[in-house]
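Dear colleague,

Please find the structure below, together with its sequence. My notes on its salt bridges follow.

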Amino acid sequence: MAVTRDHLLAWLEALERTYAENRSWLTDLDAAIGDADHGANMARGFAAARAEAAQNAPGDLRGVLQVAAASLIRKVGGASGPLYGTLFLKASTACAGKETLDAAGVVAMFQAGIKGIQQLGKAAEGDKTMLDALLPALGAMRKGLENGTELNVILADATAAAERGMLATTPMQARKGRASYLGPRSVGHQDPGATSAWLLLRAAAETFGK
Ligand code: ADP
Ligand code: MG
């Protein structure tokens with residue numbers, strides 16, 4: 001099983017659909033500890049990313065991810081636009097010169113993207129951000145790769161780890177981003193960015209295996 005440029009385009013289609021379907025959930029989560037724009041941000045950003053990738057029709061893996069990164073950085077304001085834009089930009093660099101990705105290539109792509117978010121946002125695990133879903137997912141991917149697990153199982157395990165990480169943000173006090181302004185009042189609410197990050201991985205698990 002190998003991931004091609006067409007799989008990445010299908011992933012962007014799935015993400016446009018996913019964020020349209022979950023727009024009000026993400027908005028409600030952000031209304032509780034932020035400014036109620038995360039659903040709109042993600043829906044707008046990935047609608048643009050999917051449309052621009054279809055229009056530009058980049059010929060390779062790197063090109064698809066680069067177009068998505070540029071759309072996200074341009075169309076999504078706030079914290080999450082540059083952060084998810086960086087995920088796709090660093091992921092694109094990890095795909096340079098590759099026609100397809102095997103399991104190691106997919107893990108390298110996510111690793112580069114997630115490290116990019118860490119570098120830009122300077123958040124650590126436990127700060128109640130998207131990284132609380134993404135870092136456990138990356139850990140599961142690396143473990144799967146070491147054990148020689150098949151890519152579809154690696155991605156399913158990573159999605160499950162992200163979901164657990166997302167749920168674990170509820171009792172946390174936010175230390176980064178807008179929610180941190182609330183101090184202890186941020187406790188008791190699931191982080192919107194950790195939720196969109198889980199949805200991002202779930203869409204990858206669903207599309208890369210086909
Ligand atoms: P804004 O907070 O600017 O309105 P969004 O609502 O779109 O932007 O995104 C909020 C999400 O961004 C948060 O739920 C959190 O997961 C994530 N976030 C905020 N700051 C950081 C950071 N420094 N590092 C990683 N993720 C962050
Ligand atoms: Mg917001």
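Glu52 counts as buried, because its relative accessibility of 18% falls under the 20% limit. This value, like the others in this message, comes from a predicted model. The partner of Glu52 in a salt bridge is Arg74, with 2.9 Å between the closest N and O atoms. Arg74, in turn, is exposed, at 53% relative accessibility.

The side chains of Glu16 and Arg50 meet in a salt bridge with an N to O distance of 2.7 Å. Glu16 is partly exposed at 22% relative accessibility, and Arg50 is partly exposed as well, with a relative accessible area of 27%.

A further salt bridge joins the side chains of Arg178 and Asp35 (3.1 Å, N to O). Arg178 is found in the loop between helix H8 (151-168) and helix H9 (192-208), and Asp35 in the loop between helix H2 (23-33) and H3, so this pair ties together parts 143 residues apart in sequence. Arg178 has a relative accessible area of 47% and is partly exposed; Asp35 is likewise partly exposed, at 34%.

With kind regards

Note on methods: Residues numbered from 1 in each chain as written. Chains lettered and ligands numbered in written order. Predicted model: local features only at pLDDT ≥ 70, side-chain atom pairs only at ≥ 80, totals over all residues. Heavy atoms only, no water. Salt bridge = Lys/Arg side-chain N within 4 Å of Asp/Glu carboxyl O. Buried < 20%, exposed > 50% of the residue type's maximum accessible area, 1.4 Å probe, protein only. Helix = DSSP H or I, 4+ residues; strand = E, 2+ residues; numbered from the N terminus.
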